Amino acid sequence: MYTPNSAYRIQLRRGTTFRHAADAVSYMSELGVDALSMSSPFQSVQVGEHGLATVSPAVLDVELGAESGFAELNSRLAAAGLALIIDLNPSRMPASSENSWWFDVLEWGSRATYAGHFDVDWASPVLLPVLERPLGEEIEARLLTICFSRRLASIGVAYGGAFYPFEPSSYAAVLDRNETALAAELIGVADQATPKSSTKFHREIACILEKAETAALIELAAHLNNVAGDAGWRDAILDLQNWRLVENEAPEARNAGDSSRTVGLRHEEPDVFKDFHREPLSLLQRTQVRGFRVNDIDMLADPESYTRLLRQRAGEDAFLIADKIVLKGESAISEWHVNGTAGHEFIGTVTDLLIDPQGLSTLQRHWSKLDPTTEFAGDQNHVKANILHAAFADDLAHLVQLLTELQPPSDDQTMLGRAVVDLATALPVFRAYSKNGRISPFYARALRSTAAQLSKREGHTPEENDVLSFVLGVMQSPEKTVNAPIAETFSGRFQQLAAAVAANSLENSHQYTRGPIALDELILKSKAKPDPVGSFHHAMHEKARTEPSGMLATSYSYATKFGEDARMRLLALSEAPERWASAVERWRQGQVGNLVTIENAVVPDAKAEWLLYQTLAAIWPASLLVHDKVGLGMVRDELVAFMASAIRESDGLSLWTGTDKPYGEAVTHYIDRLFADAEFLGDFVETARPFWLAGALNGLSQTVLKLTVPGVPVIRAGSETWDISPTGQFGSHLVDFIELKKALASASQTQLNVLLEDWHSGAVKLRLVQTYLQLRQQRPDLFLRGQYIPLHVNGDLADHVVAFYREFEGQYLIVAVPRLCFAMLKHFSSPFLPLSDWEETSLPLPEQLRGVTFRHLMTGNQTKLGANYSLAEGFREFPILTLVSDDNIFEPVET
C-alpha cells in the first residue's frame with residue numbers, strides 16, 4: 001500500500017492554478033516532500049464563504065487550466081518523483097444551472113436521468129428557497145424574468161444570477177398565443193423531447209435560436225415578458241414545473257452543509273458512485289494521482305459503505321484519507337477502509353500540550369468579569385440548537401414527519417422536534433454511524449448516554465422521556481418499528497443532520513464565544529488536560545496503533561480562525577495571564593473615548609475588545625515597526641476583515657449579527673483610532689514582544705512534533721515559514737513560491753545561530769522543516785513503521801519538556817521538545833533557551849540507547865550517549881533536541 005512520507009498542501013482557485021502548482025514542484029522537491037495534496041481539480045464552485053462543491057466530476061476546471069495545465073503539473077510531478085493526492089467532494093453538488101445533473105433534474109423532474117442521484121423527495125415539486133421577496137414583487141422590480149437562454153438552450157426563469165429551466169412539455173403553454181414560426185418550431189422540438197433524448201433536444205433548441213433572426217428573438221423575448229406580467233398565465237405555467245421558487249422556505253432536497261445552494265448525493269446508489277468517480281479513478285490509473293482525500297465524509301449517508309466501495313474501486317495500493325475530525329473515544333474510522341484522517345485532531349492534541357492549564361483558568365476568570373451577564377461558552381449545545389433551527393429547519397421538519405409515520409407515543413410535533421433537537425445538539429460526537437443497518441455499538445452507547453442525561457434535566461416530563469426513548473428505539477432497532485424502511489431513513493438523515501450542525505457550530509459562532517483564547521479551534525468540548533504530557537503520549541500511542549499512515553495537520557480549511565503560528569502565540573498568553581489581562585485593561589481604559597453607544601449598548605463591548613487585542617497580538621509581524629505606515633495598513637486591514645467575519649458569524653456577542661452595519665462601522669472606527677494612537681502602538685509592541693518570542697518557540701515545537709510523531713505530516717503552502725494569518729483558511733493568501741524557493745536557498749546556507757537571532761523572518765522554521773523532511777525521506781521506515789516510546793524526564797524543568805524516541809530495526813531518533821518557556825524567554829530577544837535553567841534536567845536513557853553514537857539533527861554535533869543526557873547540553877545551540885543514530889545514512893546541511 002502506497003504511503004507518502006510527507007505531503008505539501010496547495011489549495012487551488014483564488015488565483016492559484018495547475019500551472020502555479022507546477023511551478024512549485026521543484027521547490028517542493030528541494031523542501032523534501034514526496035507528495036502534493038491538492039484540492040479538487042474538477043470543475044467546482046465556491047459555496048458560501050468557505051465551501052467548495054463539484055459542478056462536474058468529469059471535467060477538469062477550465063479556470064485552473066483544464067487538461068493543458070493539469071498535463072504540465074503531472075509531467076513535472078513525474079519528473080520529480082512526486083505523487084499527487086487529490087480531493088474528492090462527494091457529499092454535495094451545487095444546486096445551480098452549472099451543474100448539468102441538477103439542471104436535468106429541474107428540467108425533467110422524477111423522470112430525469114439523474115433523478116435518483118440526489119436526496120430529493122418527489123412527493124411534491126422541489127422547493128427552491130431563493131426569493132428574497134414574494135414572486136410578484138420580484139417580477140415588478142424586474143429582478144425575475146421568464147426568458148430563453150442561448151447558453152443553456154432552454155426557456156425558463158432567470159433570477160439572482162441563476163437559471164431554472166422549464167419542463168419541455170410546458171413549452172406549448174408558455175408559447176401559446178404566439179403565432180410566429182419561431183414559436184412553432186420551438187414547440188415542435190419540445191413536444192418530441194424525452195429525458196433520454198435531452199442532449200438532442202438542447203442541441204436542436206440551440207440550433208433554432210442560433211439561426212433565428214434578431215427581430216424574431218426580440219419578439220420571442222417580448223412574448224415571454226408578457227407571460228411574466230400576466231399573473232394568471234404565469235402562475236399556471238409555473239405550476240407545470242418540477243420546482244417551485246419560494247420565499248423563506250427550505251428545499252425538499254437534503255441540504256448538505258447548511259447551504260440552500262447545494263444538494264446531497266446518494267452514493268449508496270451504485271450508479272451515483274460510478275458516475276461521480278469515473279474520472280478520478282481514471283486519473284488514479286493513468287497519472288501521478290496515487291490517492292484521494294474525501295472531504296465532508298460525515299455528510300454522507302453511510303461513510304463505511306462509501307469507503308469500502310472506494311477502496312474496492314481504487315485498489316489496495318491507493319492512499320485514502322477521510323477528512324474527518326475524530327473526537328475522544330470515537331472508533332468509526334477504524335471500521336472504514338482508509339489510511340486515516342486528514343489529521344486535524346492533531347491541532348487539539350498539540351494545543352493541549354502547549355497550553356498552561358492554570359494560566360488558562362486565570363484568563364477565563366478575567367474574561368468572564370468583562371461581562372458577567374454572558375457565560376463562558378465552552379458548552380456548545382445552545383449554539384448548535386440555534387444553528388439547527390435557523391439553518392436546518394427543513395431537515396428537522398422532515399425528520400419529525402418521518403417520526404409521525406412510525407406511531408410515536410405522542411403526536412405532538414413540537415415534542416417530537418424537541419427530542420430530535422436535544423439529541424442532535426447534546427451528542428458528544430459529530431454523529432452516529434450505522435453498519436449493516438444498525439448503529440455501531442460505540443455510537444449506540446453515546447446515544448443512550450446522551451438520552452439518559454437529557455432525561456435528568458430539570459423539568460423534563462415523563463411524556464418527553466417516552467418520546468426520547470421512542471426515537472432511540474427507531475435508530476437502534478428499525479426492524480422493530482411499524483415501518484423499517486422509514487425508520488432506517490430517519491436514522492440515516494438524523495446522523496447526517498447531527499454532523500452538519502456540529503460542523504456549522506464550529507465554523508461560525510463557536511470560535512468567537514468560547515472564551516479568552518481558542519484551545520484548539522476544533523474540538524467541541526475540549527478542556528485543558530490535567531496531565532498534558534501523559535495525554536500527549538497516550539494520543540501518539542493511539543495514532544501509532546490505529547492509523548500510523550493517517551495524516552498530521554496543524555492547519556485546517558475553515559474551522560480554524562488563525563494560522564498555525566498565530567495560534568501558538570495565543571497559547572503563550574496562558575503562561576502570563578495576569579500580565580496580559582492587565583495590558584488589555586490598560587488599553588481598554590485608554591480607548592474609552594473611542595467607544596460609541598448604539599441602542600443603549602456600548603460598542604465594541606468589553607469581550608469584543610478582548611477579542612480584538614488578542615487577535616492583534618496573534619497577527620502582528622514581529623519585525624513590523626510602528627512607523628511603517630504601509631505595514632501598519634496591512635495589519636489594520638487584516639484585523640478589520642477578521643472582526644467583520646466575527647461580527648457576521650458570531651452568535652453570542654451582543655448586537656453581533658450579519659446585518660448590523662452600525663456595529664461593524666463602530667468596530668472599524670475603534671480599530672482606526674487604535675492605529676492612529678502612537679502611544680498605544682508603542683505600548684502594545686513592547687507588551688506583546690515576549691509573547692511573540694514564546695509563541696515562536698511554541699511554533700518550532702509544534703512543527704518538530706508534527707514531523708517526528710507517528711503519521712504523515714502535511715505542510716500547508718506558506719506555513720513552512722511563520723503562519724500568523726488572521727484566519728487559517730486555505731487559499732486566503734496567495735503563496736509566492738519563487739520567493740519561498742529563494743528563502744529556502746538562503747536559509748540552507750545560513751549559520752544556525754544567525755537564523756535563530758533573525759527568528760522573526762521565519763527562515764529558521766523553513767530550515768527546520770527542510771532538515772526534518774529530508775531525514776524522513778532517508779529514513780522512511782523509522783517514521784512510518786517505527787515504535788513511539790515515551791522518555792521520562794528528570795529534574796527541575798521536567799514539566800517543561802516532552803520527550804520520546806522512535807525505533808525501527810536498530811535505527812533510533814530521540815526528540816525532546818520544550819513547552820511553557822515564557823518565563824525563561826521573557827527577557828531575551830531570540831529563542832535561545834537559558835542553559836543555566838536546564839542544568840539539573842536530564843533524560844534517563846534506556847539500555848538500548850546507551851553507547852550508540854547520535855548526531856544532533858540541526859547542528860550536526862555527534863555524541864555517544866550514556867545513562868543520562870543533559871538537556872542543557874541538548875539545547876546548547878538549538879532550542880529543540882533531535883538526535884538521530886547511524887550518521888552514515890544522514891548528512892546534515894552545512895552550518
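Mentor: Some ground rules before we start: residues are numbered from 1 along each chain as its sequence is written. In this predicted model, local features need pLDDT of at least 70, side-chain atom pairs count only at pLDDT 80 or more, totals for chains, interfaces and linings use all residues, and side-chain values use heavy atoms, with hydrogens and water left out.

Trainee: Happy with that. What makes H19 a helix, and what span does H19 reach?

Mentor: Helices are DSSP runs of H or I with at least four residues, strands are E runs of at least two, and both are numbered from the N terminus. H19 covers residues 441-455, which is 15 residues. The expected span is 1.5 Å times one less than the number of residues. From its first C-alpha to its last, H19 reaches 21 Å, close to the 21 Å expected.

Trainee: Which residues of H19 are called buried?

Mentor: Buried means under 20% relative accessible area, exposed means over 50%, and partly exposed lies in between, with a 1.4 Å probe and protein chains only. The buried residues are Tyr-443, Ala-444, Ala-446, Leu-447, Thr-450, Ala-451 and Leu-454. They cover an arc of only 160 degrees around the axis, so they sit on the same side of H19. That arc is taken from the directions from the helix axis to the C-beta atoms. Pro-441 and Gln-453 are exposed on the other side of H19.

Trainee: How many residues of strand E13 are buried?

Mentor: In E13 (residues 289-294), 5 of its 6 residues are buried, and the strand is mostly covered.

Trainee: How do you know which strands pair with E13?

Mentor: Two strands pair if DSSP finds at least two bridges between them. Strand E5 (residues 83-88) is joined to E13 by 5 bridges and runs parallel. Strand E14 (residues 319-322) pairs with E13 over 4 bridges, also in the parallel sense. Phe-292 of E13 stands opposite Ile-86, and Leu-320 in E14 is also a bridge partner of Phe-292.

Trainee: Why is the unit of E13, helix H12 and E14 called right-handed?

Mentor: With the strands pointing away from the viewer, a crossover is right-handed if the path from the first strand over the helix to the second runs clockwise. E13, H12 (residues 303-314) and E14 make a β-α-β unit of that right-handed kind.

Trainee: And what is the strand order in the open sheet of 3 strands?

Mentor: The order is E8-E9-E10, with antiparallel pairing. Strands E8 (144-149) and E10 (162-165) each have a single partner strand, so one side of each is left without a neighbour in the sheet.
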